[in-house]
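I opened a notebook page for this structure.

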Amino acid sequence: MDVKSAFLNGFIEEEVYVRQPPGFESARFPDRVYKLRKALYGLKQAPRAGFVMGSVDKTLFLSSRGGDILIVQIYVDDIIFGGSSHALVSSFAEQMSREFEMSFMGELQFFLGLQIKQGLEGTFVHQAKYTRDILKKFNMGDSKPMTTPMSTNTALDADEDGEAVDQKELRGMIGSLLYLTVTRPDIQFAVCLCARDQASPRISLLQALKRIFRYLKFTPELGLWYSSGSSLSPRGFSDANHAGCRIDRKSTSGTCQLLGTSLVSWSSRKQASVSLSTTEEYIAAASCCSQLLWMKATLSDFGLRFGWRYVDSALIKGEIESQWIGLIALLV
């Protein structure tokens, strides 16, 4: 659903006073304040009656009624909601429509540029339309497809002798690709590598970006599959390349976190400091664990509890684990 000016219509019960806003001061009573009748953005009195805010995700709201749970996720004025009871979901929709002016979009199919296909076996999230749009926007729609986003021996450096390119277009390409990494972990490392040097871009950087776009031309439909039969047990994998950056010799951490067999989070990030020996492995593992702790706290809001089990990387076996190890190779 989409909310139209919700906070302009939500009444508050507490007494709240605000200063006179600049440009709207009263000439007769310059020292007086306003008493609020309706909520403003940012107030702790913002309407969320009957809901509990998530412990770590402040855009998540939950409500329990008679053993059923209602989950509401908010992004500015866009709302995704669902629950364990059809009656509870319908009641929430009716209540919201009575209180505020709403636009109901029906079953979740398109949200913030993401395309969602739901079925009995699971949910598929992808950005095929967005991919084709950016290919057209940057005149790469007729380019020759490539099977990989980056060559294995590519190492971008300062390239001070290279030909300079238009900063505005190049930054637009990088920004568009960064948003695409929301559903495309296969381009995460390549895009982040290109995003590191935007101050004085050279032709070599532009060529690397075009290689990624040519790969997208070959794989526009790739996305994330969330199986309905997957468990909710969190797992994480991490790795790092040693001194991967040729300029400052810093390593790159690659991590991915899963719920069962479903990939829910990943990162490819250059480490903040130069590490010696195998220290970069511990830095990557610490980053992975911090994300797992965030996931564990969020899952606890849903009433789920998990213990911890350490598995040495040398003992990881099986088809599923090898797939995620292959993904980690892409992220570093």
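I count two strands as paired if DSSP finds at least two bridges between them. Helices (H or I, at least four residues) and strands (E, at least two) are DSSP runs, numbered from the N terminus.

I note the ground rules next. This is a predicted model, so I take local features only at pLDDT of at least 70 and side-chain atom pairs only at pLDDT 80 or more, while totals for chains, interfaces and linings use all residues. Residues are numbered from 1 along each chain as its sequence is written, and side-chain values use heavy atoms, with hydrogens and water left out.

**Entry 1: strand β14**

I began with the hairpin of β14 and β15. Two residues sit between the strands, and G260 takes a positive phi near 65 degrees there. β14 and β15 pair in the antiparallel sense over eight bridges. In that pairing, T252 stands opposite K270 in β15.

I then looked at the pairing of β14 with β13. This is antiparallel too, over eight bridges. The bridge partner of G236 in β14 is Q257.

Is β14 mostly covered or mostly open? It is mostly covered: eight of its eight residues are buried. I use buried for under 20% relative accessible area, exposed for over 50%, and partly exposed for in between (1.4 Å probe, protein chains only). I checked the two faces. T252, G254, C256 and L258 point one way, S253, T255, Q257 and L259 the other way, and all are buried.

**Entry 2: salt bridges**

I searched the whole structure and found four salt bridges. My criterion is a side-chain nitrogen of Lys or Arg within 4 Å of a carboxyl oxygen of Asp or Glu. Side chains of opposite charge can pair when their charged atoms come close.

D248 lies in the loop between β13 (234-241) and β14 (252-259) and K270 in strand β15 (residues 262-270), so the pair ties together parts that are 22 residues apart in sequence. D248 counts as partly exposed because its relative accessibility is 27%. K270 is also partly exposed, at 29%.

Another joins E221 and R132, where the closest N and O atoms are 2.4 Å apart. This pair links distant parts of the chain, 89 residues apart: E221 is in the loop between α5 (203-218) and β12 (223-227), R132 in helix α2 (residues 128-137). E221 is partly exposed, with a relative accessible area of 41%. R132 is partly exposed, also with 41%.

I also logged D186 with R184, the closest N and O atoms being 3.0 Å apart. Are these two residues buried or exposed? D186 is buried, and so is R184.

**Entry 3: nonpolar cores**

I define a nonpolar core as a set of buried Ala, Val, Leu, Ile, Met, Phe, Trp, Tyr and Cys residues joined through side-chain atoms within 4.5 Å. The largest has 26 residues, and those with the most contacts inside it are I134, L177, L209, I212 and F213. The elements giving two or more residues to this core are α2, α3 (167-180), α4 (188-194) and α5. α5 gives the largest share, eight residues.

I212 is in contact (heavy atoms within 4.5 Å) with P149, L177, I187, A190, V191 and C194. A second, separate core has 13 residues, including I79, L88, V89 and F100.

**Entry 4: a surface patch and positive phi**

I found a nonpolar surface patch of about 460 Å², made by Y75, V76, L112, Y179 and V182. Patch residues have over 30% relative accessible area and no salt bridge; like charges are joined within 9 Å, nonpolar side chains (Val, Leu, Ile, Met, Phe, Trp, Tyr) within 5 Å. Areas come from the Shrake-Rupley method with a 1.4 Å probe, and for residues only the protein chains shown count as cover.

Y75 is in strand β6 (residues 68-75). Y75 is partly exposed, at 48% relative accessible area. L112 lies in the loop between β9 (110-111) and β10 (114-118), and is partly exposed at 34%.

Most residues other than glycine have a negative phi. I noted L112 for its positive phi, near 55 degrees. R249, not a glycine, has a positive phi of about 60 degrees. R249 is in the loop between β13 and β14, and is partly exposed at 44% relative accessible area.

Note on methods: Lists of a residue's contacts leave out its neighbours within four places in sequence.
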